[in-house]
Amino acid sequence: MSLLLHRTNFGNPENLGKILTLEEAKSLLDEWVKNEKLKVHMKQVGHLMGAYAQSKGYDELTVKKWYQAGLLHDADWDQWPEQHCRKIIEELERRELDSEMIRAIASHGPRYFGVDPVTEMDHMLYAFDELSGFVHAYSLMRPEGYVGMEIKGVKKRLKDKTFAAQVSREDIQDAAQRANISVEELIQFVIDHQASADLS
Ligand SMILES: [Fe+2]
Ligand SMILES: [Fe+2]
């Protein structure tokens with residue numbers, strides 16, 4: 001089974017700035033994703049993306065756009081894993097939405113989709129994707145969750161290949177390198193922001 005997209009252009013640049021309302025995005029999520037754990041993952045990645053754009057001082061629309069890229073990046077994974085992420089991309093293209101947001105989703109797994117992250121939004125979505133799930137798994141095994149969590153604790157679990165074994169350490173390293181941000185800095189950002197994600 002190949003998930004390669006075989007293209008590098010996504011959406012129409014004329015649609016830049018066109019995103020779904022929060023309500024529309026959430027109803028797409030509820031309609032397409034039945035798996036509650038996956039929904040949590042998507043909301044957490046959305047939250048991290050929005051928080052990161054905000055930390056950079058980007059305008060409101062950009063913050064919303066980054067959030068939406070994170071929120072919808074795995075929308076087709078639950079029901080159509082063999083079409084991940086082609087199906088959600090085609091849906092967002094059909095709805096004539098922001099081409100940069102669609103591109104970010106298309107490049108969130110370069111090894112699988114064959115699309116290299118180019119923009120900062122592309123890079124950060126790839127960088128947060130696996131790490132977000134990993135830190136979440138770690139928070140679940142800690143009695144205090146995110147409280148008092150430290151980088152070194154996360155790194156220790158990263159070295160333990162039996163812990164959250166499905167999370168690709170290789171992708172975490174590769175994404176950090178491509179984003180030109182240290183894994184430590186990314187971990188700290190996730191620790192600082194993930195707990196406040198709105199999971200409703
Ligand atoms: Fe994915
Ligand atoms: Fe994901």
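Met49 is in contact, beyond its neighbours within four places in sequence, with Trp66, Tyr67, Ala69, Gly70, Met124, Leu125 and Phe128. In this predicted model, Met49 is also among the residues with the most contacts inside the largest nonpolar core, a set of 50 residues. Helix 7 provides the largest share of that core, ten residues.

**Nonpolar core**

- The residues with the most contacts inside the 50-residue core are Met49, Ala69, Ile105, Ala127 and Leu131.
- At least two core residues come from each of helix 2 (36–55), helix 3 (60–72), helix 4 (86–94), helix 5 (99–106), helix 7, helix 9 (169–179) and helix 10 (183–193).
- In soluble globular proteins, nonpolar side chains tend to be buried together.

**Helix 7**

- Helix 7 covers residues 120–141, and 17 of its 22 residues are buried, so that the helix is mostly covered.
- The end C-alpha atoms of helix 7 are 32 Å apart, which agrees with the 32 Å that its 22 residues should span at 1.5 Å a residue.

**Val115 and its surroundings**

- Val115 is placed in the loop that links helix 6 (110–113) to helix 7 (120–141).
- Val115 counts as buried because it has 24 C-beta neighbours inside 10 Å, the threshold being 20 or more.
- Apart from neighbours within four places in sequence, the contacts of Val115 are Leu5, Thr8, Ala106, Ser107 and Pro110.
- The C-alpha atoms of Val115 and Leu4 are separated by 8.0 Å, although the two residues lie 111 residues apart along the chain.

**Overall architecture**

- The chain has ten helices and zero strands, giving the order α-α-α-α-α-α-α-α-α-α from the N terminus.
- The radius of gyration is 16 Å, close to the 16 Å that the globule rule gives for 200 residues, so the chain is as compact as a globular protein of that length.
- Taken along the principal axes, the box filled by the C-alpha atoms is roughly 45 × 35 × 35 Å.
- Of the 200 residues in the chain, 42% are buried.
- Among contacts between residues at least 6 apart in sequence, 68% join residues at least 24 apart.

Key
Residues numbered from 1 in each chain as written. Chains lettered and ligands numbered in written order. Predicted model: local features only at pLDDT ≥ 70, side-chain atom pairs only at ≥ 80, totals over all residues. Helix = DSSP H or I, 4+ residues; strand = E, 2+ residues; numbered from the N terminus. Rg over C-alpha atoms; globule rule 2.2 N^0.38 Å. Buried ≥ 20, exposed ≤ 12 C-beta atoms within 10 Å, placed from the backbone. Contact = placed C-beta atoms within 7 Å. Core = buried A, V, L, I, M, F, W, Y, C linked by C-beta atoms within 7 Å. Expected span 1.5 Å × (residues − 1).
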